[in-house]
Number of protein chains: 2
Amino acid sequence: MSTTDEPERTRTRVSMADVAQHAGVSSQTVSRVSNGLTNVDATTRDRVLASMRTLGYRPNSAARALKSGRFRTIGIIMSTLETFGNMQTLSAIAMEAARHNYSVTLLPLEAPTLGQVSGAYHRLSEQAVDGVIIVFEVHRLDETEFTLPPGLPVVVVDSNAGPEFTVVDNDQALGARQATRHLLDLGHRSVFHIAGPPISFAATHRLEAWRQVLVEAGVEPPEPLFGDWTTDSGYQHGLTLGRRDDVTAIFTANDQMALGAMRALHELGRRIPVDVSVVGFDDLEEAASFWPPLTTVHQDFATIGRLSLQKLLAKVVRELAPDKTIVPTELVVRASTGPAPRG
Amino acid sequence: MSTTDEPERTRTRVSMADVAQHAGVSSQTVSRVSNGLTNVDATTRDRVLASMRTLGYRPNSAARALKSGRFRTIGIIMSTLETFGNMQTLSAIAMEAARHNYSVTLLPLEAPTLGQVSGAYHRLSEQAVDGVIIVFEVHRLDETEFTLPPGLPVVVVDSNAGPEFTVVDNDQALGARQATRHLLDLGHRSVFHIAGPPISFAATHRLEAWRQVLVEAGVEPPEPLFGDWTTDSGYQHGLTLGRRDDVTAIFTANDQMALGAMRALHELGRRIPVDVSVVGFDDLEEAASFWPPLTTVHQDFATIGRLSLQKLLAKVVRELAPDKTIVPTELVVRASTGPAPRG
DNA sequence: ATGAAAGCGCTAACAC
DNA sequence: GTGTTAGCGCTTTCAT
């Protein structure tokens, strides 16, 4: 009875030595050719290249990494891939990494808890990575006793990480201010808010900014309604708000909840934007085709991803003091907002 | 003048030898402890564990891989991360991989061409991966002289790869049949189709199945309209179809085009589903909150991802004949479809 | 139960 | 321009 649960697969790897023997040179020469060094005779080079092709030689990255101490790979810890923002960010990171000749190793989390992040970080630190980007949408990453063991450069995206972390994030507060002011400028007496879950750092920041703008405008902020980012929670709260005549402007903390709220308003027979204006947050690809096309806050995830990778690579190369990079948002005005109804 | 563009970063790695010295044992003993082997004295083990913790030891996966020839990592080549299906699939693959203690290395493509796939495969085969999953939505992956050099086990997802590939895919034809039959069963005389781009294998399969169902029902299939998956193309074609009185049922090849088409119908004042019924394909998370909630074909990307990883891992372990796994789809009936208007 | 030696595939350093 | 030597950190014999 064998203890191996994985029976042998004889996938004979061609080594540098094999190529060397086949070409009748030393393995050092093969190495030189493989690395494109110039000090090799053209004839020799061709012979080696031919042998490589014949034998189907592929360099062994493990051996290379063992030598160099560099893996040219970075790890990404992400709470979930299934949100628009995370996917956009991931895509941008991966593209930028490829541009720098780095690979990306992905560690999804089973649950969005700090313990999971720690665990993933540990697994990753035993992995072949030179640095880690953590994309973790949660309130106060620094709150608990959460610390990462040193050793790997880390960049945190989209989270309220403490000053010991290098952070890249969207300007959540700016976006919420843009949305709220837009509605106020349209003449609405007040702006109601369907917020994200309190555990979310982004949601909290948006909520605070919304409140602040109202206060500055001399408006008593109404009670916010807390959703969970889903269309369904937007629908439920939309039903509640839509039944009130004094509600003429709604700012939702993301586009999905805006979609749900608009559906509720449709069902209640309230016209958008004639009776009620709605502003979202995210600028989903579909938002421009919602009915009506949604006015929303555009987040620049492409830039977030690109910058976070560049920051990380800089840290991989040399020690760097932690800093915070905030990427501005932009209000995209479409058809779901309009002047306040005459009352 | 140095040729190093990356100045040294002295991130002193603690090696097994360091731990051994610190604990006063040989490095083999450390290795045994690190691998959880049983033949180590409890006292020794504790001492080694303590030293590991003190020194902050982390095993070097490159050295391990060099020895074992296994990386416990699989590569994923994906044309784009920015579609619902790809993201869902990726997420499922990554989760399943983690469950098997495998990491996932991601290779995004700059453009969805076969050349890019080949290039990515080559880069990957020099990478530290044990196998590759290719998620490539294109017509006939086997059409051109496209072949992958041998060496790495490969599973192809969502593509019409040739018989030499192991394939996992949704049952595109089944989904399209379900959609078309549903509309016919509702009494509609004919079903119009907004198709995906002809280059897409999935789009072509859906188109063929739609056509076949109509023919079987004795209905002359109208000219299909070809979109490019975007809401905007759905909107344009929706405008065209919505202006025709004889159009009472539309089947779109994805949900985004359905969304665009519905927006066009709204603008034209045609009621959904009273005047026109619409069926999509994909079952986006938001589809249930479209206005009206969209009847659509649900694809099981979670299963696709899980199965493709399992297939791949099986191939990593031992040579396996290529086969094809087809995952069924399911029609989700919501509010965008209804009986044909009396004519 | 523990240690010594060899070697995985590659490259840096140094001959010639 | 090319070969030789050594060693990266680990695991697999084989001793003890």
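Predicted model: local features only at pLDDT ≥ 70, side-chain atom pairs only at ≥ 80, totals over all residues.

Trainee: What is the handedness of the β-α-β crossover from S1(A) to S2(A)?

Mentor: The chain passes from S1(A) through H5(A) to S2(A). A crossover is right-handed if, with the strands pointing away from the viewer, the path from the first strand over the helix to the second runs clockwise. This crossover is right-handed.

Trainee: Which residue is the bridge partner of A:Ile76 in S3(A)?

Mentor: S1(A) is also joined to S3(A), residues 131–135, by five bridges, and these strands run parallel. Helices (H or I, at least four residues) and strands (E, at least two) are DSSP runs, numbered from the N terminus. In S3(A), A:Ile76 is partnered by A:Ile133.

Trainee: How many of the six residues of S1(A) are buried?

Mentor: A residue is buried if 20 or more other C-beta atoms, placed from the backbone, lie within 10 Å of its own. On one side of S1(A), A:Thr73, A:Gly75 and A:Ile77 are buried, as are A:Ile74, A:Ile76 and A:Met78 on the other. The buried count for S1(A) is therefore six of six.

Trainee: Which element gives the most to the side of chain A that touches chain B?

Mentor: The contact (C-beta atoms, placed from the backbone, within 7 Å) takes 49 residues from chain A and 49 residues from chain B. Elements that each supply at least two residues on the chain A side include H4, S2 and H9. With seven residues, the element that gives the most is H5(A).

Trainee: Which residue of S2(B) is the bridge partner of A:Val104?

Mentor: S2(A) and S2(B) run antiparallel, joined by three bridges. The partner of A:Val104 in S2(B) is B:Leu106.

Trainee: Which elements of chain B give two or more residues to the surface near DNA strand D?

Mentor: Near means a C-beta atom, placed from the backbone, within 6 Å of the strand. Of the 24 residues around DNA strand D, those that come nearest include B:Met16, B:Ser31 and B:Ala63. The chain B elements are H2 (27–34) and H4 (61–68).

Methods:
Residues numbered from 1 in each chain as written. Chains lettered and ligands numbered in written order. Contact = placed C-beta atoms within 7 Å. Pairing = 2+ DSSP bridges. Buried ≥ 20, exposed ≤ 12 C-beta atoms within 10 Å, placed from the backbone.
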